[in-house]
Amino acid sequence: MTSDRATNGELLAAVTAFRDVVAASSLPLDLPSTARAKDNRVALLRQLEDYVIPRLSSIDAPLLAVIGGSTGAGKSTLVNSILRREVSKPGVIRPTTTSPVLIHHPRDAHWFTDKRILPGLARVTGDPSGPDESATVRLVTSEELPPGMALLDAPDIDSVVSANRSLARQLLAAADLWLFVTTAARYADAVPWELLRQASDRGTAVAIVLDRVPPEVMGEVRPHLVEMLREQGLGTAPVFPIPEVVLDAGALIPESDIARLRGWLTDLAADESARETVVRQTLSGALASLDERAEELVVASRTQQRVVEELSQVVDQVYRRARTGIDEGMSDGRLLRGEVLARWQDYVGTGEFFKKVEVGVSRLRDRIGDALRGAGKPVSPEAVDDALQTGVAQLIEANADTAAIEVARTWRGLPAGEEVLAVHPELARASAGFSGEVDRVVRAWQGEVLDLVRTEGGSRRTNARVAAVGVNGVGLLLMLFTFTHTAGLSGAEVGIAGGTAVAAQRVLEAIFGDQAVRSMAAKARAALEQHTDHLLAGEAARFARAIGRVDVPADQADRLSRALDRVQAAR
Ligand SMILES: Nc1nc2c(ncn2[C@@H]2O[C@H](COP(=O)(O)OP(=O)(O)OP(=O)(O)O)[C@@H](O)[C@H]2O)c(=O)[nH]1
Ligand SMILES: [Mg+2]
């Protein structure tokens, strides 16, 4: 095997790099279309770590023959019979073997005491003192077995104990050779055949022990089994029938009945090139099977990536619409109707104020103060402020709530959306603290508008006018004007609210001049939009976080593809 060392080196490097990429990959979404790839990803990783990498790293290590099959098939009895002593306890209590027993020649010990193979299992040696410990492999030496080959007695493949089942599969995946033990009574069972099909798909070397065959059915059972093997692409697998004998507890199968199987195993162990053939067969089968499984993982990664993108796009679109909805609500004059209008009219007094506005700017200047003081009545602008605050907050909350409902509704129709929502049902509404947050932000904005009025006052004359009306009153006018001005509506165009807007505009212009008023309104509006964007971004981020937790790295599929290409090139 020395001639291939350079190739092996490159192949090992490529496979190790591939393993790292597979290990780093994830398929976090529960999609029906990628469920199989998810299972296969784990199996692929196992196969790389338990077989391909250890085998490539030490191509000269002894051949590992794993004895697998259903519980009670007689695996442990067979192993003991081959070795002519009890190395693995057989038993009547099913399942008996719960942790694997690995038997090797004393000279081969160094191959198995380290973690080259089955790194997840702790090594124990010596006779078992108590019950099997989980996650261990018992190492037993035997001179009966030639150097160059090790046997592993595995737990049952179709165990009622699920840990046994998965351990048995892991052990089979680590094998150079599967020695499948079945019985005359059970050879047609489904589970062993499912595993044999996998072995066939992966090109794993397989031999079958047809155990406990009553002599009178031998002529019928054996050809049937051979036929079944052929159908599954395992026509070349040798079959070793062993006749049923009466066995006392712990007794061994007579030498003569086991001789053929023993001979085959010891010949294989002694013949380096035959051993190499078996190892190479299983290794190239395993390497070849990487392609399909890796491709499946690549496709599944792309699918999941696309699904995550689809889900995120919905969030972007819906929240962009919410933003537009809020903008429109702030521009079309609707905020100035209803409660705001009623409070405004309380504030300025109905007919009087508008008459004063109509009189004209020059006279108005002198009368602003009176008008806004409600013709002598002490009226504060706060009631209008409150109404406006409520209106703006409701507009933002309603749009945010609709957006959440809309995203949830659309997600339910998309792959994986339902699952994410099942984990995060709170996403279907605006977040719990949102209303309070909006109130706080809108109030803060109102404070900023007052600051704007104070800083824009500028000249002494302007300051004097502001003072005449009161900062709060001017601030209120600016807010009202802000909600009509920026959409390009003139006061007259906004219907019922028109009077309000015209009044606000005229008074503000009288105080600041029209240029300054426009610039102040633009600033106030920009500030509110910035706050709104921030609030909506926070809401949208909840969805991003929910998918973020199941995010598929964007370049995962490409990285897998490239790593696989390198393995293929080195093979
Ligand atoms: N008569 C007879 N009994 C057998 C033979 N092989 C095994 N047995 C009995 O069948 C029972 C199960 O044998 P085991 O060797 O423990 O079976 P196993 O496949 O290792 O079972 P698990 O470890 O549970 O997977 C024991 O009571 C054995 O004595 C055989 O060839 N003939
Ligand atoms: Mg057993």
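Biologist: Looking at this predicted model, which residues is Leu151 in contact with, leaving aside its neighbours within four places in sequence?

Modeller: Leu151 touches Ala65, Ile67, Ile82, Val101, Leu102, Ile103, Leu145 and Leu265, once those sequence neighbours are set aside. You'll find Leu151 in strand S5, residues 149-153.

Biologist: And is Leu151 buried or exposed?

Modeller: Here's the general idea: in soluble globular proteins, nonpolar side chains tend to be buried together. As for Leu151, its relative accessible area is 0%, and buried means under 20%, so Leu151 is buried.

Biologist: Okay, cores next. Which residues touch the most other members of the largest nonpolar core?

Modeller: Those are Tyr319, Met330, Trp344, Ile396, Trp411, Phe483 and Phe512, out of 74 residues in that core. Helix H13 (residues 382-412) gives the largest share, 13 residues. There's also a second, separate core of 61 residues, with Leu45, Leu287, Ala300 and Ala570 among them.

Biologist: How do I read a pair of helices, say H8 and H9?

Modeller: Two packed helices are described by the angle between their axes and the distance between the axes. For H8 (residues 255-270) and H9 (residues 272-331), the axes come within 5 Å and cross at roughly 95 degrees. That makes H8 roughly perpendicular to H9.

Biologist: Which residues make the contact?

Modeller: Leu268, Ala269 and Ala270 from H8, with Glu272, Ala274, Arg275 and Val278 from H9. Sort them by class and you get five nonpolar, no polar and two charged residues.

Note on methods: Residues are numbered from 1 along each chain as its sequence is written. Chains are lettered from A and ligands numbered from 1 in the order in which they are written. This is a predicted model: local features need pLDDT of at least 70, side-chain atom pairs count only at pLDDT 80 or more; totals for chains, interfaces and linings use all residues. Side-chain values use heavy atoms; hydrogens and water are left out. A nonpolar core is a set of buried Ala, Val, Leu, Ile, Met, Phe, Trp, Tyr and Cys residues joined through side-chain atoms within 4.5 Å. Buried means under 20% relative accessible area, exposed over 50%, partly exposed in between (1.4 Å probe, protein chains only). Helices (H or I, at least four residues) and strands (E, at least two) are DSSP runs, numbered from the N terminus. Axes are lines fitted to C-alpha atoms, for helices over the stretch in contact, and angles run from 0 to 180 degrees between N-to-C directions. Angles under 35 degrees count as roughly parallel, over 145 as roughly antiparallel, 65 to 115 as roughly perpendicular and the rest as oblique. Contact means heavy atoms within 4.5 Å. Ala, Val, Leu, Ile, Met, Phe, Trp, Tyr, Cys and Pro count as nonpolar, Asp, Glu, Lys and Arg as charged, and the others, Gly among them, as polar.
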